[in-house]
Amino acid sequence: MEVLRPQLIKIGGRVYRKNPIQEQTYQHEEEDDDYYQGLVECAEEPCETYEVVQTPQGFRCTVKAPSLLYKHIVGKRGDTRKKLEVETKTSISIPKPGQEGEIVITGQHRSGVVSARTRIDVLLLTFRRKQPFTHFLAFFLNEAEVQERFLKFQEEVLEKCSMDHGVDSSIFQNPKKLHLTIGMLVLLSEQEIQQTCEMLQQCKEEFIDDISGGKPLEVEMSGIEYMNDDPGMVDVLYAKVHMKDGSNRLQELVDRVLERFQASGLIVKEWNSVKLHATVMNTLFRKDPNAEGRYNLYTADGKYIFKERESFDGRNILKLFENFYFGTLKLNSIHISQRFTVDSFGNYASCGQIDFF
């Protein structure tokens with residue numbers, strides 16, 4: 001990171017500079033111990049953004065955060081909290097590990113309390129972005145007809161293309177898990193799962209019902225495409241999903257859901273639009289049948305994740321099955337699906353959902 005071009009972080013509609021600082025290291029500490037990531041400087045503190053209460057002793061502000069992230073505010077040997085308290089002239093109370101509650105900031109001066117709150121928000125956002133995805137918003141695409149057609153696709157691909165490099169049965173999706181992802185989530189507490197459910201319900205009331213007309217969206221799953229730019233070295237092959245009536249309603253619906261969740265901070269903004277697709281082949285499945293196509297690039301302590309994978313030659317598959325028809329579906333529910341879990345039907349376990357009718 002360049003000193004003159006620091007990373008920008010958006011919080012509450014404002015943009016802040018996250019300046020690098022020299023990190024102090026200690027011998028004999030675990031590699032995954034917490035570290036102080038950096039502090040924020042801004043030209044104007046957002047004094048009206050936070051609810052700061054005046055008390056007989058001074059000023060007080062609270063921060064809601066999942067207990068999993070408390071350690072990043074405490075830091076090694078409590079150094080992060082101490083540094084925050086000294087630099088902002090405040091006192092910061094953090095619940096004990098494993099206990100849910102609020103972080104409480106108190107101080108003699110309102111500006112110091114607001115500054116501490118801003119810096120804590122930056123730390124929470126920084127480390128939240130480094131947590132592995134836990135859930136995702138999705139439509140299930142595993143109706144019986146589609147599963148049967150998918151198995152037919154798999155059978156024909158293996159019959160006609162098994163001699164192509166890297167093509168074998170291990171890289172096909174489990175037909176019970178076929179889905180269309182709207183966005184990936186990091187939900188670290190039951191409260192955040194409930195918040196996601198409530199936001200989905202708000203989306204339903206504000207625009208989903210209008211777009212869907214209170215009826216299921218009838219879509220077709222047909223045609224295949226690949227993710228990267230070399231058909232001879234493919235890692236992900238997917239089926240395309242589109243409205244049967246040729247309208248743009250499905251795209252409009254998922255893009256507005258994505259936009260709403262991005263604005264709330266529950267989904268980190270990576271894309272402006274959702275790619276309407278269902279993964280049918282993925283080389284991550286080769287070594288782990290329960291692997292998933294999307295994952296964070298960094299671990300919680302900031303280390304880059306490298307996942308070795310053997311690509312496959314998809315040229316013949318694309319030529320022979322370019323317009324393969326997987327079936328028609330009626331989409332009537334958006335699910336909050338939990339990664340790496342399955343329900344009694346073999347699909348991803350759902351923590352909540354909204355229905356269109």
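Let's start at one residue: Lys89 lies in the loop between H2 and E6. Helices (H or I, at least four residues) and strands (E, at least two) are DSSP runs, numbered from the N terminus. Phi of Lys89 is near 55°, which is positive, and this residue is not a glycine. Most residues other than glycine have a negative phi. Is Lys89 buried or exposed? Lys89 counts as exposed, at 64% relative accessibility. Here buried means under 20% relative accessible area, exposed means over 50%, and partly exposed is in between, with a 1.4 Å probe and protein chains only.

Before going on, a word on the source. This is a predicted model, where local features need pLDDT of at least 70, side-chain atom pairs count only at pLDDT 80 or more, and totals for chains, interfaces and linings use all residues. Residues are numbered from 1 along each chain as its sequence is written, and side-chain values use heavy atoms, leaving out hydrogens and water.

There is another positive phi to show. Arg77 has phi near 55°, and Arg77 is not a glycine either. Look for Arg77 in the loop between helix H1 (70-74) and H2. Arg77 is exposed, with a relative accessible area of 55%.

Now the whole chain. The protein chain has 7 helices and 15 strands. Of its 357 residues, 49% are buried. Take contacts between residues at least 6 apart in sequence: 74% of them join residues at least 24 apart. Contact means heavy atoms within 4.5 Å.

Next, the helix pair. Helix H2 covers residues 79-88 and helix H3 covers residues 110-128. Their axes come within 9 Å and cross at roughly 150°. That makes H2 roughly antiparallel to H3. Angles under 35 degrees count as roughly parallel, over 145 as roughly antiparallel, 65 to 115 as roughly perpendicular, and the rest as oblique. Axes are lines fitted to C-alpha atoms, for helices over the stretch in contact, and angles run from 0 to 180 degrees between N-to-C directions.

Which residues of H2 meet H3? They are Thr80, Leu84, Glu87 and Thr88. On the H3 side are Gly112, Ser115, Ala116, Arg119, Ile120 and Leu123.

On to the sheet. It is open, has 4 strands in the order E4-E5-E7-E6, and pairs antiparallel. Two strands pair if DSSP finds at least two bridges between them. Strand E4 (53-55) and strand E6 (90-93) are the edges, each pairing on one side only. The twist averages 25° from one strand to the next. H3 packs on this sheet, touching strand E5 (58-64), E6 and E7, and its direction makes about 15° with that of E5.

Let's walk across it. E4 and E5 run antiparallel, joined by 3 bridges. They form a hairpin with 2 residues between them. Thr55 stands opposite Gly58 in E5. E5 then pairs with E7 over 6 bridges, in the antiparallel sense. There, Lys64 has Glu102 in E7 as its bridge partner. Finally, 4 bridges join E6 to strand E7 (residues 102-107), again antiparallel. Ile92 has Ile105 in E7 as its bridge partner.

One last stop. How many residues of strand E12 (residues 277-282) are buried? The count is 6 of its 6 residues. Strand E11 (residues 236-243) pairs with E12 in the antiparallel sense, over 5 bridges. Lys240 has His277 in E12 as its bridge partner.
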